[in-house]
Amino acid sequence: MADNSISYLNKTFPEFKASLVNYAKTYFPTVYNDFTEATPGNLFIELASYVGDVASFYIDTQVQENFLLYAKEKENLYALSYMLGYRPKVSYASNAIVDIYQLIPTSGSGGNLVPDYKYALVVPENTQLTSATNSTKFITTDKVDFRDTGSAEITFVDGNYFLLKKQVTAISAEIKSTTLTFSTPEKFSIATIIDTNILQILDATDTQSNSWYEVPYLAQSTVFDKVENPNSLSDGVPYLINLRRVPRRYVSRFLSNNTLQLEFGAGVANAADNTIIPNPDNIQLGLVPGISNLYNNFNQASVFFTQEYGLAPSNNITVRYLVGGGITSNIPSNALTIIDKTTAYFPSGVTGPLATTIIDSIASNNPSPSLGGRDGDQVEEIRNNAFYAYQSQLRAVTREDYMVRALSLPTDYGSIAKVYVTQDVAREMIATPTVATTEERNPLSLDMYILAYNSNKQLTSASTTLKNNLTSYINEFRMVTDAINIKDAFYINIGVNFDIVVASGYSNNDVVTNCILALKDHFNIDKWSINQPIILADITSKLLQVKGVQNVIKVEIVNKQGGNYSPYAYDIPGAIRLGNIYPSVDPSIFEVRFPDVDIQGRVVPF
């Protein structure tokens, strides 16, 4: 039997018309054979071709918009990005380093004047700063605690006061709030915040003072909870990190018109999530009795079916959020001079006229321009960022994944300066009277060696609190079969001595000073990583590139140990191989701890 179907492989107007004309000539040669432009039959053929052309265009466009690689409509790109794990940004905040000052009274007498730290202030995070040039608003990202003397600069003013200075990061943002109204619980209720340049949600609280937490997906029932560390002044970690199960949660997503949409859960519960322990009675809630659940696809993110992706709100929720950013938020230096002093307080509780004077003395300034502010993601940026997010998946699989995840620990929970991850090389020697000595090790175990910074940005061992925070943080991203052993790396302090010949016509002091500056840059701790060797030829090359250096006679690396230096001694001459100084077998890093005194140079005759 002949196949009389029309093949619509052609999708343009001329191709549709040619196919229809050919079809008419083939199957209706005697009924219609006049295909000139002015005939009524040609009118109907062209109308059908036009409809086919338009329909093909829309079908192709709709299919194209389902693929991230080809989508062009911003609304579709937003939806595809969220599906792949990337959150588009509608604005980027400008960042600035801000100096915060306060006067503090003196204590003591004569030549023994010291700051009276009971008048040390705390300037909380989210303190508002305003630019004096264009009224752009900034907020601080961390609290400033002047009781922490390690990172404060102290300047003697007169017999009555010292001046304290600390630095903090600020972003171009302003805190706004809105109230979302809910009368009765509804499954997956949605509310929208209409504003421009929304950066993020700060917090959400209902009328019963319950906090609602933002999660990436409603199926995720846990969040990192920030608890103030009572020993923050001693171990340098402001907050402790805890994992908390939250029944009140929501997700947020930006729409293509830059508004922010919030979606809440669907459950109405009589018990909180954190009171439920998995057992056969509650893990099968919601299943039809008598039906086998051997092949039931349980929700792997949460085995509890009681909360149905979190609670549904039943009363009003007040949401505080940040707005700001954009290209106009980049301000010049010395502009952030207006600071909100009303939020500052004395932890010691002092009051009186002197306390008022101290609060009035609070000042701020940004020594450098703010940078990073720009408008939101463009189409191609959304596309490429979504591809990257899909590949990363927020899971740690490779050694590099674990290193990046450790360095991504939020600074509120402590700062990881250096990290190195290697396969577990520990050996446990087991000996019994009847069995020979053997070696055992976990092939899935990784050793993570870390170091932290002190208040002067010098390497030091991580505190126990920092290690605990890192453990809690890493556990949420590691593979379930992996074991992570967090250990201290070693830091080896060194000094650099060099002899050079200065070309005629150049000042010896100027050339030596420039050489020291070049080596300071070379040994900048930001540029060094654990297990990185010192290549002596690179140091010689750096010196030869300094204008006025005719020749490098000697470069010597010496070990600095004890006192204010590292407690670990190291045999530098014994570690030299083929012109390179290698670190120890145990993961370690070289550090010039005091560049101003540990780098010495001299000029010798030719």
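Predicted model: local features only at pLDDT ≥ 70, side-chain atom pairs only at ≥ 80, totals over all residues.
Two residues are said to be in contact when heavy atoms of theirs lie within 4.5 Å.

Asp-225 sits in strand β14, which covers residues 222-228. Is Asp-225 buried or exposed? Its relative accessibility is 19%, and since buried means under 20%, Asp-225 counts as buried. Leaving aside neighbours within four places in sequence, Asp-225 is in contact with Leu-240, Ile-241, Asn-242, Arg-244 and Tyr-413. One of these partners, Arg-244, also makes a polar contact with Asp-225, side chain to side chain, at 3.5 Å.

## The second largest pocket

Now let's visit a pocket.

Strand β9 provides the largest share, with five residues. Sorted by class, the lining of the second largest pocket has 16 polar, 15 nonpolar and 10 charged residues.

## Helix α3 and what follows

Our last stop is helix α3, residues 74-84. Which of its residues are buried? They are Leu-77, Tyr-78, Leu-80, Ser-81, Tyr-82 and Leu-84. A handy idea for looking at such a list: an α-helix has 3.6 residues a turn, so residues three or four places apart point the same way.

Just after α3 comes Gly-85, which takes a positive phi of about 100°.

Note on methods:
Residues numbered from 1 in each chain as written. Heavy atoms only, no water. Helix = DSSP H or I, 4+ residues; strand = E, 2+ residues; numbered from the N terminus. Nonpolar A, V, L, I, M, F, W, Y, C, P; charged D, E, K, R; others polar. Buried < 20%, exposed > 50% of the residue type's maximum accessible area, 1.4 Å probe, protein only. Polar contact = N/O pair within 3.5 Å; in protein donor to acceptor, adjacent residues only side chain to side chain.
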